[in-house]
Amino acid sequence: GRVGCRCLEPRMVQLSSPRSPMGDFSLDYWRRTVIEKPSLLGRAPDILRADPELVIEAARRDTGALKFASPVLFEDRAFVLRAIELGGSEALGYAPDTLRGDANFVIEAVQTSGQAIRYASADLLGDYRVMKKVMAVNADLLRYSSPTLLADRAFMFEAVRYRGLTLQFASESLRDEDELVAAAVQQNGRTFRHASPRLRCDTHFARRALALDPASLPSASDDLRADSGFMLQALRSIGPSALEHAAASLLADRVFAVESVRLHGGCLAFLHESFRADAEVVAIAATAPVGPGWRVLEIAAEALRGDGECLLAVMGQSVVALSLASAALLEDRGFMLQAVQRDWQALRFAGDALRADREVVMAAAVGNPAALEYAAEELKGSLLHDVISRQLELEGRARGEAEAEAGTAEGAAEEASLPPELSPWQHAAAGGSGALRLLYGGAARQQAA
């Protein structure tokens, strides 16, 4: 062991004779019996109950055997420490008052087994210096401190700054003191559950605790966790997971639901399930500046995947939202016309029939001729000329309006410089937009040839 054990040197109680009247055979029998069943040490001859070797061997098998050992053994510091080392922290309890009141010895015993502190003298359990050293070994051992020490403000301040959860051992009056509790919460937010009911119900202090450590939230009173303002602050500090601790009544409140998803779209997963079928709430969640974005549709009610207004709103966040739309909605001509007008890439999610619909494809291609990539094969060639013509018309109109505002005729002069007999294809290749020249310049040159 770590401790030198002088007790292992033969040290027996002084009997009337160095030999037992029972004889060596009887002693050997008892030694074997005690080793096999340590609880029988109490029936063994006194000479064996004072045998340190036998007692230690019995305690190694069952520390309960220590209570049958001769009191003289517990006067030996090394024996007591060795017994404690084997797991018998109660060995200190059998020691004389001189050892139980010896600060250095008790601290050494506690370093061997923390539970030994339970058997220290009352004076030591109230000693600031001793219990501070005990706290350094294991802060949880402060539970054995004297009531006077646990009501000592300076001592408990030092304790909670070292380990916040020691607040649970403080006196009732100290657990109601703002600054002491704040110091404990700052070290460990979970400590807030040991604060007085008054502080856990106090809005101002609970907000302070939340700012010190968000882990204090679950310990706030039920009333505070049902308060919209308090929980929105928690949401800003922690994120959507804060709602795990919100009152059920608050999670079913629509005003709170809207405010929470506006802060973070991920809150939808924690709100009452009815809001997953609320198109407005889902749309706000999908377009929130922070959150999963269009993926909120994955947890939204199935019915909303066929809701055109909801999908159009969510599309504003990403056109990929249409990947979660119902098949029926993607075959709806009115819906897809609106969708492709908002984002030409919506065409790639349209049903086969609509990708062969001239008007739908044209509406998408006007936004960007690249939409033709998603059109049915039979439309790609026939629509190319119309798309370029329409694109040039729109660009010309926009350019004319800009020039009119600027009071310049530069645009008209540029148009006049083009030969009047050129077709729209040739205009695209010669003077159209950069995108059109890149996409269709080759086709335009081929048509001109």
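Start by selecting helix α17: what covers its buried residues includes α15 (228-238), α16 (248-251) and α18 (279-286). Here a contact means heavy atoms within 4.5 Å, and buried means under 20% relative accessible area with a 1.4 Å probe, protein chains only. Helices are DSSP runs (H or I) of at least four residues, numbered from the N terminus.

A quick note before moving on. This is a predicted model, in which local features need pLDDT of at least 70 and side-chain atom pairs count only at pLDDT 80 or more, while totals for chains, interfaces and linings use all residues. Residues are numbered from 1 along each chain as its sequence is written, and side-chain values use heavy atoms, leaving out hydrogens and water.

Now colour residues 254-263, which form α17. Its buried residues are Phe256, Ala257, Val258, Ser260 and Val261. Next, pick Asp253, the cap at the N-terminal end of α17. One of its side-chain oxygens lies 3.1 Å from the backbone nitrogen of Val255.

Then select α12 (residues 178-187) together with α14 (residues 203-212). Their axes, lines fitted to C-alpha atoms over the stretch in contact, are 9 Å apart at an angle of about 30 degrees. That makes α12 roughly parallel to α14, a label for angles under 35 degrees. Show side chains to see where they meet: Asp178, Glu179, Val181, Ala182, Val185 and Gln186 of α12 face Phe205, Arg208, Ala209 and Leu212 of α14.

Finally, zoom out to the whole protein chain, with its 26 helices and zero strands. Of its 449 residues, 45% count as buried.

Terms used:
Helix = DSSP H or I, 4+ residues; strand = E, 2+ residues; numbered from the N terminus. Buried < 20%, exposed > 50% of the residue type's maximum accessible area, 1.4 Å probe, protein only. Polar contact = N/O pair within 3.5 Å; in protein donor to acceptor, adjacent residues only side chain to side chain. Axes fitted to C-alpha atoms, helices over the stretch in contact; angles between N-to-C directions. Parallel < 35°, antiparallel > 145°, perpendicular 65-115°, else oblique.
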